[in-house]
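Have the structure open while you read, and go through the points in order.

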Amino acid sequence: MFIFDLQIANYRNYGRVGLKLSKGLNLFVGENAQGKSNLLEAIYLLSTLRSSRASSDADLVRRDLLHTEFPVARLSCEVERQAGNLQLEVAIVGRTTDPSHKAGKRVRVNGVPKRASDAVGQLAAVLFTTLDIEIVAGPPLMRRRYLDMMISQVDRGYLRAMQRYAKVLQQRNSLLKRIQAREANAAELNFWDQELAHAGGVIFQARADALGHIVTQAQFHMDRLSDGMEDLQITYRPAIGGMDATDSPIDETEWTARMIRALTNLRNREIGAGATLVGPHRDDVSVEINSLPADSFASRAQQRTAALSMRLAEASYLRRALGDDPIVLLDDVLSELDARRRRGVLEFIDSFQQTIVTTAEPDRVREVMTRAAGRFVVRAGSIQRFEGE
Ligand code: ATP
Ligand code: MG
């Protein structure tokens, strides 16, 4: 798929911007703090309906509007897809003083209002940023988020299970605390164990499945980008009570059954802790380079290459799951790579219908400049197309 028209209004540092994007490679050049990352964040938000970095919707609305009566940012795009063309609009309403306007996101798909959870993944995208190194070097949360953002774009059942799981987990944890304080009976847990394990089974299964594809793809990229010097191992570590990855269950029902068993075994400890100790909310993925844990042994460049390989694997995972190309978004990542890795990335993403690249240092990415089908300059929240070099 590819975006041919993008409209932005009052989003971050942008006023009103309308863009005709090209198929193929689009390059956005701009100095620091001009709006390059904001642009890619906007496109990624159209895909996932979540910001890749903001903590609240109000952050996304142009700041000088926030004190007006109806502060709203608007994003919309037109997309050509295998599955038919798409028109997608998101309105983000910031804090309001008027109680008749609720804060939050409103989404329309081809003009029809939709819940955000039903519009996720209509536009598929994979976003590369300089923070991706955290997938390898950061805490388990970063690896869970990597999986969640990826899988929810292709599997609506996954997103629903995630929402259900979060709700049940919260209720179960507060029940555990009440049991601990002798305000409730332990038998009440039976119902919540079932509920949690059912949603959990869906999540475990989807993560195991997605990783199955990611592992071989990421290994392939790591090998290519490091010229055969670095071997990447990625292993799912489901938090289901001392289970080895090699005896992973094969379907949802089996994951659910295992989780119920784990919850039963741990019941007394969980009451003591007042918290749920197993389940996908505690999952991790181990990443090793040349047989050593990458977070504590690998060099920064190795970690970066591993994270990059995982993002490239994400792009092909989305392509396979959707039968269509996701939009590839590269936020300032090419200039931090050496020439060989850069070439390796460009060669691979060349096979995708559309790539959107930002850089503050066009001289460092001359090969992108020459290949680009569309070139733009970003300056203080305005964007201009330019021809030539
Ligand atoms: P760099 O090269 O440093 O990565 P960039 O071009 O990617 O820079 P952005 O991260 O897109 O820059 O941010 C551009 C500017 O947008 C920042 O100066 C920031 O203060 C501003 N900005 C962010 N949110 C808002 C908002 N809600 N309203 C107005 N301005 C905002
Ligand atoms: Mg930036």
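The points below go from the whole chain to single strands, loops and residues.

1. Ground rules. This is a predicted model, so to speak of a local feature a pLDDT of at least 70 is needed, side-chain atom pairs count only at pLDDT 80 or more, and totals for chains, interfaces and linings use all residues. Residues are numbered from 1 along each chain as its sequence is written, chains are lettered from A and ligands numbered from 1 in the order in which they are written, and side-chain values use heavy atoms, with hydrogens and water left out.

2. Overall build. Along the principal axes, the C-alpha atoms fill a box of roughly 70 × 60 × 35 Å.

3. Of the 389 residues, 53% are buried, where buried means under 20% relative accessible area, exposed over 50% and partly exposed in between (1.4 Å probe, protein chains only). The accessible surface is about 17,500 Å², and carbon and sulfur atoms hold 47% of that; the areas come from the Shrake-Rupley method with a 1.4 Å probe, and for residues only the protein chains shown count as cover. Among contacts (heavy atoms within 4.5 Å) with a separation of 6 or more, 70% join residues 24 or more positions apart.

4. A buried strand. Which way do the side chains of β8 point? A125 and L127 go one way, V126 and F128 the other, and all are buried. In a regular strand the side chains alternate between the two faces of the sheet. Strand β8 (residues 125–128) runs parallel to β12 (residues 327–331), joined by four bridges, and A125 has I327 as its bridge partner.

5. Three strands, in the order β9-β10-β11, form an open antiparallel sheet. Its edge strands, β9 and β11, each pair on one side only; strands pair if DSSP finds at least two bridges between them. Between β9 and β10 there are six bridges, and R237 stands opposite D284 in β10.

6. Two loop residues to look at. N110 sits in the loop between β6 (104–109) and β7 (112–114), and its phi is near 50°, a positive value in a residue other than glycine. S291, in the loop between β10 (284–289) and β11 (292–293), also isn't a glycine and has a positive phi of about 70°. N110 is partly exposed at 45% relative accessible area, and S291 is partly exposed at 49%.

7. Is S226 buried or exposed? S226 is buried, with a relative accessible area of 3%, and lies in the loop between α6 (189–225) and β9 (232–237). Leaving aside neighbours within four places in sequence, S226 is in contact with R340 and R341. R343, in helix α10 (residues 339–349), is partly exposed at 44%. R343 and L225 are 118 residues apart in sequence, but their C-alpha atoms are 8.9 Å apart in space.
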